[in-house]
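Please have a look at the sequence and the model first, and then I will go through it piece by piece.

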Amino acid sequence: MRVALFTETFLPKVDGIVTRLRHTIDHLQRMGDQVLVVAPDGGLTEYKGARIYGVSGFPLPLYPELKLALPRPSIGYVLKRFNPEIIHIVNPAVLGLAGLFYSKIHNIPLIASYHTHLPEYLQHYGLGMLEGLLWELLKAGHNQAALNLCTSTAMMQELSQHGIERVDLWQRGVDTEMFQPHLASQEMRSRLSQGHPEKPLLLYVGRLSAEKEIEQIKPVLEAIPDARLALVGNGPHRQALEAHFIGTPTHFVGYLQGSRARFRLCLR
């Protein structure tokens with residue numbers, strides 16, 4: 001098949017959505033399918049044999065790591081040359097509308113997937129009054145798709161309750177080649193615990209953003225004698241978290257990629 005994948009976020013950004021998409025592209029390419037990725041421009045033109053068409057954009061004010069890329073006529077020209085047999089829009093917000101429009105105009109099967117629970121996130125950015133409007137926009141977009149994939153049964157239920165149809169589960173998986181017990185490393189555990197590998201270690205891996213409510217880890221950290229906390233990742237909420245966890249044995253590790261991202265913790 002020829003699959004056109006529209007996503008509002010892609011490499012070089014590091015997050016759960018990008019990780020899932022990387023594995024999906026890798027799998028499709030291995031199966032002999034062709035993939036075109038339409039995403040905000042990140043300076044890349046290819047990934048694992050899949051072509052990337054980068055669309056210039058600008059950073060979001062509330063989340064500078066994310067770029068907002070607007071649809072433009074050139075996307076239609078690229079899609080016409082690629083001639084997709086299926087279009088998949090990921091977290092359709094702005095750029096994904098181009099994929100939705102093209103699928104309807106040319107009668108191409110459309111799949112959408114829901115990864116980021118935006119209505120809930122509005123509360124953390126002082127925009128809760130827009131939640132009802134956002135649900136209506138999400139329903140209008142997602143109900144154009146033949147299939148709406150969710151990453152959990154809880155999200156399936158949430159979307160169905162708000163009128164989004166044709167919902168199904170896109171289950172998570174674990175990369176058993178990257179994560180294996182024999183990769184346990186005392187050196188990495190020492191690094192994450194800042195030289196105290198024998199102490200209890202709490203580990204958070206993900207974006208440092210307000211909606212993750214990472215502050216709730218603090219009472220747990222304080223309740224466990226001699227426990228230490230490592231936060232792996234980065235994001236717009238880092239400065240606030242550094243102030244919140246000041247005076248506690250918390251290590252802000254930043255991003256880890258490749259083999260280092262296995263963390264290789266020695267838990268024995």
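**The cores**

Let me begin with the largest nonpolar core, which holds 21 residues, and in which Phe 6, Val 38, Ile 75 and Ile 87 touch the most other members. Before I go further, please keep in mind that what you see is a predicted model.

Which elements give two or more residues to this core? They are the strands β1 (2-7), β2 (34-40), β4 (50-55), β7 (86-90) and β8 (110-114), together with the helices α2 (73-82) and α3 (96-105). It is α2 that gives the most to this core, with four residues.

If we look at Ile 75 and leave out residues up to four places away in sequence, we find that Ile 75 touches Phe 6, Val 38, Tyr 53, Val 55, Leu 95 and Ala 98. Apart from this core lies another one, made of 15 residues, and Leu 11, Tyr 47, Ala 50 and Ile 52 are among them. As a general remark, nonpolar side chains in soluble globular proteins tend to be buried together.

**Helix α2, side by side**

Let me now stay with α2, in which Ile 75, Val 78, Leu 79 and Phe 82 are buried. In general, an α-helix has 3.6 residues a turn, so residues three or four places apart point the same way.

The buried residues of α2 pack against the strands β1, β2 and β4 and against the helix α3. On the face of α2 that is turned away from this buried side, we find the exposed residues Pro 73, Tyr 77, Lys 80 and Arg 81. Just after α2 comes Asn 83, which takes a positive phi of about 55 degrees.

**The eight-stranded sheet**

The next feature to follow is an open sheet of eight strands, which come in the order β3-β4-β2-β1-β7-β8-β9-β10, with mixed pairing. Because β3 (46-47) and β10 (167-169) stand at the edges, each with a single partner strand, one side of each is left without a neighbour in the sheet.

Inside this sheet, β7 and β8 run parallel and are joined by four bridges.

α5 touches β8 and β9, and its direction makes about 150 degrees with that of β8. Helix α6 (residues 153-161), for its part, touches β8, β9 and β10, and the direction of α6 makes about 175 degrees with that of β10.

**The three-stranded sheet**

There is also an open sheet of three strands, in the order β11-β12-β13, where the pairing is parallel. Here β11 (201-205) and β13 (250-254) stand at the edges with a single partner strand each, so one side of each has no neighbour in the sheet. From one strand to the next, the twist averages 15 degrees. Strand β12 (residues 228-232) runs parallel to β13, to which four bridges join it, and Ala 230 stands opposite His 251 in β13.

**Some loops to look at**

I will finish with the loops, starting with Pro 12, which is found between β1 and α1 (16-30). The bond that joins Leu 11 and Pro 12 is a cis peptide bond, with omega at about 10 degrees.

Lys 48, in the loop between β3 and β4, is not a glycine, and yet Lys 48 has a positive phi of about 50 degrees. Glu 213, in the loop between β11 and α8 (217-223), is likewise not a glycine and has a positive phi of about 55 degrees.

Leaving aside neighbours within four places in sequence, Asn 143 is in contact with Gly 163, Ile 164, Glu 165 and Arg 166. A polar atom of the Asn 143 side chain lies 2.8 Å from the backbone nitrogen of Glu 165.

Methods: Residues are numbered from 1 along each chain as its sequence is written. This is a predicted model: local features need pLDDT of at least 70, side-chain atom pairs count only at pLDDT 80 or more; totals for chains, interfaces and linings use all residues. Side-chain values use heavy atoms; hydrogens and water are left out. Two strands pair if DSSP finds at least two bridges between them. Axes are lines fitted to C-alpha atoms, for helices over the stretch in contact, and angles run from 0 to 180 degrees between N-to-C directions. A nonpolar core is a set of buried Ala, Val, Leu, Ile, Met, Phe, Trp, Tyr and Cys residues joined through side-chain atoms within 4.5 Å. Buried means under 20% relative accessible area, exposed over 50%, partly exposed in between (1.4 Å probe, protein chains only). Contact means heavy atoms within 4.5 Å. A polar contact is a pair of N or O atoms within 3.5 Å; within protein, one must be able to donate a hydrogen and the other to accept it, and residues adjacent in sequence count only if both atoms are side-chain atoms.
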